[in-house]
Every structure is written in structure tokens, then in C-alpha cells.
Amino acid sequence: MSLKKIENKVLSEKRLTTEDALALFESEDIFTIGRLANIIAERKNGKNAYFIQNHHINPTNICVNRCKFCAFSRSRGDKGAYELSIREIIKKLRSQKTENRKQTPPQPPLSRGEVYPSPVTRHLSLPFREVHIVGGLHPDRRFDFYIEMLKRIRKALPHIHIKAFTAVEVDYFSKISGLPPSETLRELKNAGLDSMPGGGAEIFDSRVRNRICPEKVSGKKWLEVMEAAHKAGIKTNATMLYGHLESLKHRVEHMLKLRELQDRTGGFQAFIPLAFHPMNTKLSQKSEVRSQKSKPSTLNPCGYTSGIDDLKTIAISRLFLDNFQHIKAYWIMLGEKIAQLALKFGADDMDGTIIEEKITHSAGALSGNALTKAQLTNLIEKAGKVPVERDSFYRPVRY
Amino acid sequence: MNRITKKQALTLLKSADLLGLGQMADNSRKKLHPDGTVTFIIDRNINYTNVCINKCKFCAFYRDKDDPDAYVLGKRKLFNKIKETIALGGTQILIQGGLHPELDINYYVELLKTIKDKFPIHIHGFSPPEVCYMADKAKLSIKKTLQILNEAGLDSIPGGGAEILSDRIREKISPNKIGKDRWLEVMEQAHRIGMKTTATMMFGSVEGPEDIIEHLDAIRRLQDRTNGFTAFIPWSFQPGNTELSQKSEKNSKSKTQDSEANSSLVPRHPSLLPATAVDYLRVLALSRVYLDNVPNLQASWVTQGLKMAQVALRFGANDFGSTMIEENVVASAGVKYRVSIQDIINAIKAAGFQPAQRDMCYNIIKSDL
Ligand code: SF4
Ligand code: SF4
């Protein structure tokens, strides 16, 4: 099918329908798709390709959910199960050495909600400006623990932006605390939460969701928590896990739900398509799942997604999610090669010089653990884009 | 159809939009291989010795004769490797090694003959630097040397040792290695006596775009005269991020490189940032467009990873190269996993193509995979 009609829509800035998105997924013309996505990316963000220096902390891998695709989680008492105390978390964060960067005297702590003037010119005294905290749903830890954790991190590292807890965790907190999600979010925010990541969205379709993560909150609930977060003034991201058992239609429907919510709240910052990683997960171990070969060939049930599929998914999300400012090529999942190419296919964000990452690597991610700033900058420049180091709200950062 | 000129190629390489160039290459690939088949070969890379007098800069493979880990592969080991290869459905062995000061042409002739006596297997072996070294030591012409090897059982010649066919660059990265002209001469003579060969290009070291064009042009011109190249294999050395180059065990380092690309030839300039995915696809696509007379273009999954190799299939490549029976452990961030033949078949299918097993001359051996 020719993409002419869709091309005209894109060029005249008209919104794409779900049929358009599906036609794009079914098309083999990756060059036109990429070119159009790049037009939108440049319309929204110029030639900028953003990255941030961030630090990932996964406080525990003990999780009551044990989703089938999750290679990271353990049950209590399992080999390899771990939990970090608040002290250990802070110690980890503090132990990071600054790269050879000028030290500046400590800044006065910002009060919550206050933001740095843009562009941020402050010097960093740590080699990261954002901490990203997500973990398992621990059976014993109480809501107070998380409040305490936020407060103490905020106190210990007053300038660090705290991006923490997926909608799944927030929903769990609301269960264990007996508070409605909106209350829960307010408490978290008061304790120091600055923004939320977009994890746990997986795929909204309930049938697929029941097969890959039956214990996890429904797609509806995920969207409700996000809506409540946006209403409470907390910016979030949104994700989609693809390349497992879903169909192309499920992907489009998933993105449609996100687009609708974004129309109402405007609270999403970035969309992050996440390619499924098969290693060590219950899904790939299950032979019944593996032998499902009836799917279209672009889908690769429970193997690695194809590089072509990864690039198409990035590009189509850029075209379809017209109300999202940013599309992130999460290099730790895609591998830095595909992530770099994604910058040619509509992505404008590479995430960061992640310091620690456990979740994807448990599933056999193809990337290294960290990229230096020089490496990231090189990847971006070679892709013909302008590297822009950003803060958590996409404001350029200068030193 | 009009051929693109050197000048046009240079402009494309320097400033064409990646997707535009990709589209051109994809169209060329479709014209040459309209049925959407992507081939691979089951073979094994056998390095018969790591002793080498050339000592190219940055080569991590070579050893002095007296080094404790210097080796020359014994016959028993060699035969076992070949047996295993055949058992796995393999049709070819790729024999390469360093330039060993004490091995002469009689050694190789004997080696080839015994292999051929024992096994029905295609022998793809001895890249041009090795052939020249044998010829020099035996004081024979290149042509004569090739004839002797061919009669003894050598079927075809791998295109390794080419790096960049520009003497300016060769001076810098491998000063003791044969120059551009001799490399081309070995290939020309081989083609003239009816042997097929491949050609490689290793970029991402100290070359500039002009050097890449010079290399492509040399291949295209020779191919116009002889039509003996079956495939072109560009690859970039990836220091930090190809899983394969990270192995710290000294011995295994070179064995993990692309088999055809002569594993040992790994120049690396310490101050250079590695060629990125975008650079790789750009060179790959340009190769497809420029080398209109070379039928096949290989994606280097060993250096680029399977996902990138899949993308490469839309940027001009139509072949996945070797399944690397031996060197198929991919290490990444502490996670090691095997890439099996089935993984390669699945990867080709997932990219939307029909996988087929081939031999060195690109005859299809098995296509219902
Ligand atoms: S994906 Fe999240 S919720 Fe599911 S088992 Fe893993 S850690 Fe728990
Ligand atoms: S690259 Fe080849 S010729 Fe050069 S030193 Fe290494 S083994 Fe010898």
C-alpha cells in the first residue's frame, strides 16, 4: 500500500487515525516511515537529541507479582533476592565520583516544586542530576518506608531530581496504605517525589496482559494512576512493551489510549517503546509460547524483536503520538546501535549515561552498562543531530 | 543503467541522507535479488597458527614463535574440527593464520591434500598476505603459488587482509603487510585460474572517505576484468561495544572477529571513536550502490549484532555470512550466549526475508528452513 495519503496528512499536520498507524506497521517502506517520523521530530525538537546524566536504583528485586516476562524479580528467599536499606541507597548515590568537573560550593536546597532557572547553569557535584528509582513490590515494606526513603534522599541530595515509582508501584502503595491513588501520590510528592517514570504499562490489551502479567494492575488502572499523577502536578513518562504476544493492532490501541489521556492532561513527557527481551524470562522458557509461529513475520514472539521492527515502532509512535513532545530510544534496551539509528527514525532522546541498571540486564540486554558522555555525544553527532544534555524536564543544561 | 562515478560516490558517502542512501541500496539489492532470499553459510573458521612475523600495529592475535601461547594446530585437532563441522551440516572450512616463519609451501600443500583425502569439504583459505608470504619464501610467482595450492585442494580465497586498499592508510596501520597492488594481484591471479574469492573492507580506523572510495573503486575495476569476486564484506572494527572484541582472554580475541575479514587484522587507533551504526550502514549502502558488478553483499552480524544485521538487510545486504560454528559465543556486559544456526534463521525471517543455506559460490543448498 502506498503511504501517500498518510504522508499528506503528516505534511499538513493532521492527526493520524488508528487505521493509518496500522497501515504504517504493515508497510515495508521503512524509508518513508523513517523520513516522515524525522520530519515530525524536527518539527517538535529541531535537531536536538537529548540525554541526561542519571543514576538508576532498584531498591529491591523481591516482588509479589512475578510477571512472566520479568527476569529481574525474585520471591523472598530465592537465590539472588536482595533488598537495599535506605542507608545503602544513599550510600550508593553518594559514592559516585564526579567526572573531572569543577566542584562548586553546595547550593541552597530547593524547596519542593521549585525548579531551576532555565537553562540550568548550576554545576553538578555528583555525576548525575536525576535518580531513577523503580523496584519490585516488596511484600513487607510499608508505605512509610517509601515516604521515608524519599525524604531522606531529598535531604541527603537536595539538588537531585527524584524520578520514582511506576504506576504499578503507586497502585501497590495505595493498596498497602489504604489511601486512594490521588492521596498516595500527594504524600509521595510531599515527601520529595519530582516525577514518575512510565514503566508498568506493558501492553494495555487485557487478554495479552493476562497472559504476560496476570498479577499486574490492569491497563485501565495504570491509566487512572497516571491521570491522577498528572492532576497532582507530577509529570510522567509512558511506555509500551512490545515484541511478545501482542498483535500490531494491540500496539496501536495501546498508543491510542496514551494519546487520549495526553489530550486530557498533557502530563506525559516522553513515550518509550520497550523491546521485549527474552532471556531468562518465564515467557521464553514456556515452549508453548515459543512455538506460536502463526504471527506475522515482523513480530517475533518471545525471541528478540527485529531491529527493523524496533525502528518502525519508534517511528510510528513518533507519527501517531502527535501530542507527545518526546520519543525516547532507550539504549539500554535497544542496544546503542539501534538506539542511535532511532534518532534517524523519529526519536529525540537517548535517555542517559545510566549508572546502574539491573532490570534489563537480568533479561540479557545487548548493551553495556553505561555510556560515557563522550560516547553518547559521538553517537548523536554521527547521526547528524545536536547533543543536548537536559534536566528532567528537558531544559538544556550548561556548565 | 548508469554507473555512479567516484565523485558521486564521495558526495553520497559524505553527505547523503542515510535513509535516502539506504533506499537506493535497498532498490539495488531488490534488483539483484528480487525473491527476498537471504543466504548464509555453515562453516568453521580454523586458525592454524598464531605465530606471525608481520606484527601489525594493534593486532592482538599474533605471537612470537617462542611465546608460551604460540601454537600451530596439530592435524588431529584440525581433523576433529572438520568432522564436527560436517556433522553440523557445514560445507566449508575457512583456514587462515599468521605468517609463520617456519612453515613453507610444502606444509600447506600437504595440509590441503590430507584434508581433501579425508573429507568432502570446500576449503576456503589463505588470504592474500599468506599467499604472498608463501610465494616469497618459495621464490615462486603468485600465479604459480596459487596453482600449486589450487591443485592441492584449495578451492577459494577469502578477502581478508584488505583492510583499506589505500597505501597511505596501510603504511599507518600495517606497514609490513603487502600493499594494495599485491593484494589485488593475488585476487586477479586467483580469478584468472578460475578460483573465486571474496573481498573485504575494514573501515573505522584512520581512513577518510576518499580512502573508502579508492577501495571500492579498486574492487569494482578488478571485478570488471575478472568477475571473480562472489561477495563484498565491509565491516568496522568496534572496540568497546561489539560484544566480541571485549573478550579479555588474549588468545580468543582475534578468533571472535568476522571470519571472512581475517580475524587477525584489527588495527585500532587508540584515540579514535569507533565507527557507529550510522557509519556502518552508510558504508554498507554505498558499497551496494557502487559495486554494481559484485553480486552479494554480506552483513556482518558478528561485529554488528543480529539486530543491526537485520537492519543491514534493508541497507543493501543480502547475506548473513558464516554461522561461525566455533566462534559463536557472543559476550555482552557479562552475559554470554550462543548464536545458533536456528537463531540466524529466525533473525532472517523476523526481518521479513527467506533464509537459505548456501555454499561459497552462492548455490543454494537448503532453502526450506
Ligand atoms: S515487572 Fe515489575 S511488577 Fe512484574 S514481577 Fe517484575 S518487578 Fe514485579
Ligand atoms: S594482522 Fe595478520 S599479518 Fe598482521 S600481525 Fe596480525 S596475524 Fe600477522
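Predicted model: local features only at pLDDT ≥ 70, side-chain atom pairs only at ≥ 80, totals over all residues.
Visitor: Are helix 2 and helix 13 of chain A roughly parallel or roughly antiparallel?
Guide: Angles over 145 degrees count as roughly antiparallel. The axes of helix 2 and helix 13 of chain A cross at roughly 160°. The pair is therefore roughly antiparallel.

Visitor: Is the crossing of helix 2 of chain A past helix 13 of chain A left-handed or right-handed?
Guide: On the helix 2 side of chain A, the meeting residues are Thr18(A), Ala21(A), Leu24(A) and Phe25(A). Facing them from helix 13 of chain A are Lys312(A), Thr313(A), Ile316(A), Leu319(A) and Phe320(A). By class, this contact of helix 2 with helix 13 of chain A has 6 nonpolar, 2 polar and 1 charged residues. Helix 2 passes helix 13 of chain A in a crossing that is right-handed.

Visitor: How do helix 1 and helix 3 of chain A run, roughly parallel or roughly antiparallel?
Guide: Helix 1 (residues 4-11) and helix 3 (residues 30-45) of chain A have axes 11 Å apart and pack at an angle of about 10°. Angles under 35 degrees count as roughly parallel. Helix 1 and helix 3 of chain A are therefore roughly parallel.

Visitor: How many charged residues are in the contact of helix 1 with helix 3 of chain A?
Guide: Helix 1 of chain A brings Glu7(A), Val10(A) and Leu11(A) to the contact. Among the residues they meet in helix 3 of chain A are Arg35(A) and Arg43(A). The contact of helix 1 with helix 3 of chain A divides into 5 nonpolar, 1 polar and, for the charged class, 3.

Visitor: Which residue in strand 10 of chain A is the bridge partner of Tyr50(A)?
Guide: Strand 1 of chain A spans residues 48-52 and pairs with strand 10 of chain A in the parallel sense over 4 bridges. In strand 10 of chain A, the partner of Tyr50(A) is Val388(A).

Visitor: How many of the residues around ligand 1 are charged?
Guide: The shell holds Cys63(A), Asn65(A), Arg66(A), Cys67(A), Cys70(A), Ser73(A), Gly136(A) and Lys216(A). By class, the shell has 3 nonpolar and 3 polar residues, and the charged ones number 2.

Visitor: Which residue in strand 12 of chain B stands opposite Thr39(B)?
Guide: Strands of chain B form an open sheet of 4 strands in the order 9-1-12-13, with mixed pairing. Within this chain, strand 1 (residues 37-41) and strand 12 (residues 354-358) run parallel and are joined by 4 bridges. Opposite Thr39(B) stands Ala356(B).

Visitor: At what angle does helix 13 of chain B run to strand 1 of chain B?
Guide: Helix 13 of chain B comprises residues 341-350. This helix lies across strand 1, strand 9 and strand 12 of chain B. Its angle to strand 1 of chain B is about 165°.

Visitor: Is the crossing of helix 8 and helix 9 of chain B left-handed or right-handed?
Guide: Helix 8 (residues 180-192) and helix 9 (residues 209-226) of chain B have axes that come within 10 Å and cross at roughly 25°. The two helices are therefore roughly parallel to each other. The crossing of helix 8 and helix 9 of chain B is right-handed.

Methods
Residues numbered from 1 in each chain as written. Chains lettered and ligands numbered in written order. Heavy atoms only, no water. Axes fitted to C-alpha atoms, helices over the stretch in contact; angles between N-to-C directions. Parallel < 35°, antiparallel > 145°, perpendicular 65-115°, else oblique. Left-handed = near helix turned anticlockwise from the far one by under 90°. Contact = heavy atoms within 4.5 Å. Nonpolar A, V, L, I, M, F, W, Y, C, P; charged D, E, K, R; others polar. Near = heavy atom within 4 Å. Pairing = 2+ DSSP bridges.
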